[in-house]
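Visitor: Could you take me through the aromatic rings in this one? I'd like a close look at how they pair up and what surrounds them.

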Amino acid sequence: MTVLDPKEVAENLNGWTGGDDFITKIFRFEDFAQAFGFMTRIAIIADKMDHHPEWFNVYNRVDVTLTTHDAGGVTEKDIKLAEAMEKAAT
């Protein structure tokens with residue numbers, strides 16, 4: 001897997017920020033049920049990809065951090081999961 005520059009990756013993803021070896025975004029929803037529904041939809045996608053996000057949920061907010069641990073940084077897997085999250089959040 002090719003490790004990508006997280007800041008460059010984040011520039012091409014709406015609302016994402018790049019860190020040292022990760023990309024991150026805070027998703028906000030109308031309520032807890034919508035936030036949890038988003039997480040459920042993404043859990044199914046992530047499991048099929050065998051690529052699982054680091055995330056934290058409080059009420060209507062889901063904080064997401066993506067990195068490919070076995071590659072030591074951001075890879076195409078993270079981009080694909082971020083794009084799936086964008087689609088699921090709309």
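**A close look at the aromatic rings**

Guide: Let's begin with Phe 32, which counts as partly exposed because its relative accessibility is 38%. Phe 36 comes out at 46%, so that residue is partly exposed too. Keep in mind that this is a predicted model.

Now for the pairing itself: the model has 4 aromatic pairs. Take Trp 16 and Phe 27: their ring centres are 5.9 Å apart and their planes meet at 75°, which is over the 60 degree cut-off, so this pair is edge-to-face. The pair ties together distant parts of the chain, 11 residues apart: Trp 16 is in the loop between helix H1 (6-11) and strand S1 (17-18), while Phe 27 belongs to strand S2 (residues 23-28). Both of these residues are buried. Back at Phe 32 and Phe 36, the rings also pair, but tilted, with 5.7 Å centre to centre and 35° between the planes.

Ring pairs also join Trp 16, Phe 27, Phe 29 and Phe 38 into a cluster. Three of those names, Trp 16, Phe 27 and Phe 38, turn up again among the residues with the most contacts inside the largest nonpolar core, which has 21 residues. H1, S2, H2, strand S4 (61-66) and helix H3 (76-89) each give that core at least two residues.

Phe 38 is worth a zoom: setting aside neighbours within four places in sequence, it touches Phe 27, Phe 29, Val 62, Met 85, Ala 88 and Ala 89.

Definitions and conventions: Residues are numbered from 1 along each chain as its sequence is written. This is a predicted model: local features need pLDDT of at least 70, side-chain atom pairs count only at pLDDT 80 or more; totals for chains, interfaces and linings use all residues. Side-chain values use heavy atoms; hydrogens and water are left out. Rings of Phe, Tyr and Trp (its six-membered ring) pair if their centres lie within 6.5 Å; planes under 30 degrees apart count as stacked, over 60 as edge-to-face and the rest as tilted. Helices (H or I, at least four residues) and strands (E, at least two) are DSSP runs, numbered from the N terminus. Buried means under 20% relative accessible area, exposed over 50%, partly exposed in between (1.4 Å probe, protein chains only). A nonpolar core is a set of buried Ala, Val, Leu, Ile, Met, Phe, Trp, Tyr and Cys residues joined through side-chain atoms within 4.5 Å. Contact means heavy atoms within 4.5 Å.
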